[in-house]
Amino acid sequence: IKGKCPILEAGCGSGEISLFLKNRGCNVVCLDIEKTAVDIAKERGLRAVRGDIHRLPFPDSSFELIFNQGVMEHFSPVEMGEVLKEFSRVASKVLLIVPSNISIFRIYNPFDVDDARFYSPGEMGEIVGRVYRKVEARYIHGSFGISLMVYGEGKK
């Protein structure tokens, strides 16, 4: 995967975010475990691969960055740590967006999702910090506390 700033969206769904990045010149690849999601991403003109984020189908150091949104909150902290180790194998940086511990969706869940977890910046910083050296975790400005951004760089 060569080119400017290779990025992997691990858990792409329909590829909406990847399409946004592609349209701005990024070299992005989508990955999802669901065939339907991969088919939709391909129909949108994206490079999409079916695969499991626990065992990414890419060689070591294939990407500069791996990101996802709406994925990691479905894993326990231990499972998330295992996924992050796999992410660090193929990318030097990670960017995750997860629901925050102060989100209104803790009380009112219109998505009808039972397995989602909510995290504080400290909790996510600790989880990501077990795999990456430089970590920043904070509430996303303008999200009204709904979302938390976590960035990790440099494998430990």
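Helices (H or I, at least four residues) and strands (E, at least two) are DSSP runs, numbered from the N terminus. The model is predicted, so local features need pLDDT of at least 70 and side-chain atom pairs count only at pLDDT 80 or more, while totals for chains, interfaces and linings use all residues. Residues are numbered from 1 along each chain as its sequence is written, and side-chain values use heavy atoms, with hydrogens and water left out.

Helix H1 covers residues 16–22 and contains Ser18. Ser18 has a relative accessible area of 0% and is therefore buried (under 20%; exposed is over 50% and partly exposed in between, with a 1.4 Å probe and protein chains only). Beyond its neighbours within four places in sequence, Ser18 is in contact with Glu9, Val28, Cys30, Leu46 and Phe67 (contact means heavy atoms within 4.5 Å).

Strand S4 spans residues 63–69; because 5 of its 7 residues are buried, S4 is largely enclosed by the rest of the structure. Strand S1 (residues 7–10) pairs with S4 in the parallel sense over 3 bridges, where pairing requires that DSSP finds at least two bridges between two strands. S4 also pairs with strand S5 (residues 91–99) in the parallel sense, over 6 bridges.

The whole structure holds 8 salt bridges, each a side-chain nitrogen of Lys or Arg within 4 Å of a carboxyl oxygen of Asp or Glu. One of them joins Arg44 and Glu16, with the closest N and O atoms 2.8 Å apart. This pair links distant parts of the chain, 28 residues apart: Arg44 is in the loop between helix H2 (35–43) and strand S3 (47–50), and Glu16 is in helix H1.
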